[in-house]
Amino acid sequence: MDPQLKRGMLEACVLTVLSHGDSYGYQMVKDMAACVEVSESTLYPILRRLEALGDLRVYSREHNGRLRKYYGITEAGRAHLDTLRGEWRQVLKVYAFIMEETEGEPGE
């Protein structure tokens, strides 16, 4: 998969997960596992980038004697997610067009 396409997809997935409530890295990886495989080493740079954009707020909370970093979506993040969803609607239109063109071809 094209790295730029995957990056945009992962940003949308992260923002979608966080639109349902605050979470932490490992839990987000588990939440996204049903639709996309992502490692924590891939996730954290995305979280840092979204935080730098102002799309996320970050705070720490103690869990089992250790501090755990939590992420929450901001209003800017919700607006960004709306923009990404609009872009994905356009991608889906292109996908439908491509699949329509190939459905009747030999070997299908």
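In the predicted model, the side chains of Glu75 and Arg78 form a salt bridge, with an N to O distance of 4.0 Å; a salt bridge is defined here as a side-chain nitrogen of Lys or Arg within 4 Å of a carboxyl oxygen of Asp or Glu. Both residues belong to helix H4 (residues 75-103), where they are three residues apart, about one turn of the helix. Helices (H or I, at least four residues) and strands (E, at least two) are DSSP runs, numbered from the N terminus. Glu75 is exposed, at 62% relative accessibility, whereas Arg78 is partly exposed, at 33%. Buried denotes under 20% relative accessible area, exposed over 50%, and partly exposed the range in between, computed with a 1.4 Å probe on protein chains only.

Residues are numbered from 1 along each chain as its sequence is written. Because the model is predicted, local features require pLDDT of at least 70 and side-chain atom pairs count only at pLDDT 80 or more, while totals for chains, interfaces and linings use all residues, and side-chain values rest on heavy atoms, with hydrogens and water left out.

By the salt-bridge rule, the count comes to three. One of them joins the side chains of Glu11 and Arg49, at 2.9 Å from N to O. Glu11 is located in helix H1 (residues 3-19) and Arg49 in helix H3 (residues 40-53), so this pair ties together parts that are 38 residues apart in sequence. Glu11 is buried, with a relative accessible area of 5%, while Arg49 is partly exposed, at 28%.

A salt bridge is also found between Arg57 and Asp22, whose closest N and O atoms are 3.2 Å apart. This pair connects distant parts of the chain, 35 residues apart: Arg57 is in strand S1 (residues 56-63), and Asp22 is in the loop between H1 and helix H2 (25-32). Arg57 is partly exposed, with 39% relative accessibility, and Asp22 is likewise partly exposed, with a relative accessible area of 34%.

Gly72 is part of strand S2 (residues 66-73) and is buried, with a relative accessible area of 0%. The C-alpha atoms of Gly72 and Leu18 are 5.9 Å apart in space, although the two residues are 54 residues apart in sequence.
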